[in-house]
Amino acid sequence: MTQTSQTFLGMPAASPEEQPHTGGWRTNVEVPQDTLRWGHTFPEGAHKTLANTQMRRNLGHATRTIRNKRQLRVDEMPDWEDLREAAEAVKFEVASRLPELLEQFEANVTAHGGIVHWARDAAEANRIVADIIKSKGIDDVVKVKSMATQETNLNEYLADEGITAHETDLAEMIVQLADDMPSHIVVPAIHRNRSEVRGIFLDRMGDAPEDLSDKPEELAGAARAHLRRKFLHASVAISGTNMGIAETGTVSIFESEGNGRMCLTLPDTLITLMGIEKLVPRYQDAEIFAQLLPRSATGERMNPYTSMWTGVTPGDGPQEFHLILMDNGRTKVLTDPIGRQALACIRCGSCMNICPVYQHTGGHAYGSVYPGPIGSILTPQLTQGLADDDPVHTLPFASSLCGACAEVCPVKIDIPTILIHLRARSVDVKRRLVPDMWDVAMNAATPVMSNGKAWLAATEGVKATRLIGRDGRIGALPFPASLWTRSRDLPVAPKESLRQWWKRTHPEGITPARSGLGAAQSTATKENR
Amino acid sequence: MDAKTAILARAREAISRSQQGRPVRDIPRNYLRVGTDAPGSQPVVADMVEKLEDYSAKVVRAPKDAAILDGIDELLGDARSVVVPAGLPQAYKEAAARRGRTVREDSRQEPIPTLELDQIDAVVTCSRVGISMSGTICLDGEPDQGRRAITLVPDKHVVVLEREMIMPTVPQAVDVLGQNPTRPTTWIAGGSATSDIELVRVNGVHGPRNLGVVIAH
Ligand code: SF4
């Protein structure tokens, strides 16, 4: 479906009489055909979003809040690093044994009365969902927030088929009502503030009380009232899943609002769309992810509700359960020895909350439903969009390589190394891309770089040894040095960074002059224009 | 070729290229599996209460049978109608019926229709296991806990948690649940909440807005 009602800042599409309460909420993105690549390059997207100061204010406030909460809850855990290590090992096992685990999972879901479908790509997945809904003779379904269905653009597809899918997660509902696109994988409406949400509800919800204030409690209350009827009457629900367990055929949803439980429990039919990588081998492995996910995603000790179900339970919950196992590019990601780590992602959003580039540009700039650091490595691999004419090939450059994302990732995905690896793959187009990308990334990273301690912590993530080839020489440095190393090899860097050396040899605590570092940085930028 | 065959073939081919001889190792489970204090011991219970109250749940500690019944009554408060799973202990059902409350039984065999559940104020159930570290209570749909719908639709949930079933760690609780992994399982940590508007936590969205916990025996 092509969405043409789009409005750019300051250019409302509808007359003020029709929508009197805009509250400044108008969207400036189009709902694209392909949600994995919206057609613009990162610099184009970033220029648009950087101009939106309200959005950046909203984003700055929200990411700060969530980062602080996460840190608090991670610090409570004496075994956080051990959990990360276990998670990484589990996900490596899943990638290594994917075919047999999928077959075991399918067999267990089927043995408990579930119906398993397989989908090679988004189009096939959408078709299966639509066919099931049509076979029930209905045109109205409820939905739990799900990245898999975002990826397939399911709502748009169903709309074209005459089926309305109601998003029931509050943030996802805000995005849906505003004809907007999500800008974060955990809190999709993170770019909206309360007065914008109020405006969206008054303009678009239909049954919002006229005297609705912008208090979050009142807004959530209005959403509750709006959705209650839908939950109680829905006969089909659609969800994604946070984790499937091969050993038992169990599927799970981690959520907060209870909208998930409503959808998973009350309708007669449940359709779950699952990326084939979202498996763990054993029931016991749930204990690892149930600890890592909530603390990383929302900074809570445990999310308010977690549901686990296996096939169908007679007399309790949906009596018909369809599970769709979707590839949609995941096996392409799996072919790359380095890049395949991206399949370990549990979609917690930590990497975007900590990323200085994301905080400046917002999620829409990435032109994909997967924004931020994980989006920069996952999207180009899913689409294999590494060719010159594909907008997503710029994404691996949308980073300053500060390394903070790798530090916070609960499954220890080495995002900086994968970024460097993917940059090397799109080397031919580098010359043209890089100055623009560098501008955006470096400007965004300035607050980190101008703070010696933060920079030291951040660069920990990108150890020089990662770049060293088998022959002990550096083949390809990350940008901007890559412009130089592309044509010649560099001898291996010393084992210590300047700062580490300085710290070791100057125990009295004097640090190298910050101005020196800053000057070197700006020279590098200029030279590469 | 059907989709399944195609996807599995792609996956095998992909792994043959990317694995590069790297072995799958045993999972290093060096994380905390078992807490230092015993399940249900005094520090574990104290921790559980603290975490629950942090989620704004109301907690009653009831070492004696009579106190459990009083606790159920107290936490139900001004609720006028209550649904209970058919397998709830008889004495608990009677406690729910105090102060003239109407009590309806629900079971997989005779489920109360959803729209009627929506008219009921509260629900009382037992639970399988608790986790003190995160203040989580797990239900697994057995007859004393009932269908998932009854703990979802009414606004107030009063849950009885056996003291010795409060585990200090998530892994210890998963060990218990893992004995019957295919039961429909719901983990509850406080009442329904959202943080979607400016990351401000708002309690009570779609699920039960009030959680009361009786820690029994
Ligand atoms: S890459 Fe890691 S930090 Fe980022 S969303 Fe995925 S799991 Fe979370």
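**Confidence, chain by chain**

- Chain B has a mean pLDDT of 95, and 100% of its residues reach 70 or more.
- Chain A averages a pLDDT of 80, with 74% of the residues scoring at least 70.
- Residues 1-17 of chain A have a pLDDT below 50, and this stretch has 29 contacts in the model beyond near neighbours in sequence.
- Residues 509-529 of chain A also stay under 50 in pLDDT, and here the model has 18 contacts beyond four places in sequence.
- A friendly word of caution for such stretches: where pLDDT is low, the predicted coordinates should not be read in detail.

**The interface of chain B and chain A**

- On the chain B side, 77 residues are in contact with 97 residues of chain A.
- The interface holds 28 residue pairs in polar contact, counted with both residues at pLDDT 80 or more.
- On chain B, the elements that give two or more residues to the side touching chain A are helix 1 (3-18), helix 2 (42-54), helix 5 (114-117), helix 6 (170-177), strand 9 (185-188) and strand 10 (193-194).
- Helix 1 of chain B provides the largest share of that side, with twelve residues.
- Sorted by class, the side of chain B that touches chain A has 36 nonpolar, 20 polar and 21 charged residues.

**Salt bridges**

- Side chains of opposite charge can pair when their charged atoms come close.
- The whole structure has 46 salt bridges over all chains, and 13 salt bridges are found across the interface of chain B and chain A.
- One salt bridge brings together the side chains of Asp316(A) and Arg148(B), at 3.3 Å from N to O.
- Another salt bridge links Arg12(B) to Glu103(A), whose closest N and O atoms are 3.6 Å apart.
- Arg12(B) sits in helix 1 of chain B and Glu103(A) in helix 4 (residues 98-111) of chain A, so this pair joins two chains.

**Around the ligand**

- The ligand is surrounded by 14 residues, and the closest are Cys345(A), Cys348(A), Gly349(A), Cys351(A) and Cys409(A).
- By class, the shell around the ligand consists of eleven nonpolar residues, two polar and one charged.

Terms used. Residues numbered from 1 in each chain as written. Chains lettered and ligands numbered in written order. Heavy atoms only, no water. Near = heavy atom within 4 Å. Nonpolar A, V, L, I, M, F, W, Y, C, P; charged D, E, K, R; others polar. pLDDT = per-residue confidence, 0-100. Contact = heavy atoms within 4.5 Å. Salt bridge = Lys/Arg side-chain N within 4 Å of Asp/Glu carboxyl O. Polar contact = N/O pair within 3.5 Å; in protein donor to acceptor, adjacent residues only side chain to side chain. Helix = DSSP H or I, 4+ residues; strand = E, 2+ residues; numbered from the N terminus.
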